[in-house]
Amino acid sequence: MSSERRLRIPATLESIKEAVQFVIEAAQDAGLSDDSIYHCELSLDEILNNIIEHGYALDKDGQVIDIICQLHDDRLVIIVEDDAPPFNPLTMPDPNPEEELEKRAIGGWGVYFVKQYMNQVSYTYTPNKRNRFVMEKRR
Amino acid sequence: MIEIDVKQEDKVTIVELHGRLDSEGARKVRDALMPIAEAGSRVLLDMSGVGYMSSAGLRVLLMFYRKVDETAGAIVMTGLHPRIRDVMEMTGFLDFFSTSETREEALQALKS
């Protein structure tokens with residue numbers, strides 16, 4: 001058994017809350033543990049912030065982001081689609097957790113969280129010219 | 001939403017955060033914390049009211065740490081929620097920040 005839910009939000013920082021709530025509810029309904037729900041919340045927050053602040057950086061007006069949750073018996077799949085210029089966040093080099101704080105890069109930790117906390121992540125640029133980021137969390 | 005309470009006890013600045021340290025919360029915390037990082041400042045950061053922290057929150061902590069470190073000050077964190085502790089461990093931040101189990105211990109460490 002599986003089911004799918006969709007939400008479209010404007011590409012604004014203020015809309016992240018609504019999307020986060022949407023994913024929390026889906027994660028609860030998919031039977032994920034509290035820690036796993038937190039990891040989904042955090043990962044979505046990071047991905048949406050990246051899309052809004054970097055992807056749509058120059059042109060946010062009228063732009064949207066779609067969030068699709070697929071609930072399966074054993075996992076939750078979260079798909080995030082946007083129309084910003086093609087960008088694969090997974091190609092960003094990982095920051096180094098052992099580097100001294102004085103020397104560390106300020107950014108790059110968000111995608112690192114997503115890679116660490118989700119069981120599977122992937123990126124494709126779709127034929128209809130959308131960035132499609134897929135994250136999966138198992139029960 | 002995040003609330004930031006700042007008070008002075010002896011020579012220690014006590015900062016209490018309550019709420020979400022997401023990108024919006026992180027901006028507010030940055031604006032409130034940066035002016036506190038003066039020469040030799042000793043700061044107790046009570047995180048017991050924070051149950052959520054994204055990378056934006058981590059960035060602010062890093063910026064604050066650097067500023068305090070530059071001025072030969074000290075920061076001790078207390079009240080870390082297990083999930084936030086996990087994030088800070090995974091990213092290696094916990095190796096650099098001083099943490100205390102209780103606020104009293106943190107105060108002692110900063111006064112000595």
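**Exercise 1. Describe how exposed B:Lys28 is, and find its salt-bridge partner.**

Step 1. B:Lys28 has a relative accessible area of 34% and is therefore partly exposed, where buried means under 20% relative accessible area, exposed means over 50%, and partly exposed lies in between (1.4 Å probe, protein chains only). This is a predicted model, in which local features need pLDDT of at least 70 and side-chain atom pairs count only at pLDDT 80 or more, while totals for chains, interfaces and linings use all residues. Residues are numbered from 1 along each chain as its sequence is written, chains are lettered from A and ligands numbered from 1 in the order in which they are written, and side-chain values use heavy atoms, with hydrogens and water left out.

Step 2. The partner of B:Lys28 is B:Glu24, and the closest N and O atoms of this salt bridge are 3.7 Å apart; a salt bridge is a side-chain nitrogen of Lys or Arg within 4 Å of a carboxyl oxygen of Asp or Glu.

Step 3. Because B:Glu24 and B:Lys28 are four residues apart in helix 1 (residues 23-33) of chain B, about one helical turn separates them; helices (H or I, at least four residues) and strands (E, at least two) are DSSP runs, numbered from the N terminus. B:Glu24, at 27% relative accessibility, is likewise partly exposed.

**Exercise 2. Say where B:Asp10 is placed, and which side chain it meets in a salt bridge.**

Step 1. B:Asp10 belongs to the loop between strand 1 (2-9) and strand 2 of chain B, and with 60% relative accessibility it counts as exposed.

Step 2. The backbone of B:Asp10 has a phi near 50°, which is a positive value in a residue other than glycine.

Step 3. The side chain of B:Asp10 meets that of B:Lys111 in a salt bridge (3.1 Å, N to O). This pair links distant parts of the chain, since B:Lys111 lies in helix 4 (residues 103-111) of chain B and the two residues are 101 residues apart. B:Lys111 itself is partly exposed, having a relative accessible area of 42%.

**Exercise 3. State how many salt bridges the structure holds, and describe the one between B:Asp22 and B:Arg20.**

Step 1. Over all chains, the structure holds 20 salt bridges.

Step 2. In the pair formed by B:Asp22 and B:Arg20, the closest N and O atoms are 3.6 Å apart.

Step 3. B:Asp22 is buried, with a relative accessible area of 9%, whereas B:Arg20 counts as partly exposed at 27% relative accessibility.

**Exercise 4. Locate A:Lys129 and describe its phi.**

Step 1. A:Lys129 is found in chain A, in the loop between strand 4 (120-125) and strand 5 (131-138).

Step 2. Although A:Lys129 is not a glycine, its phi is positive, at about 65°.

Step 3. With a relative accessible area of 58%, A:Lys129 is exposed.
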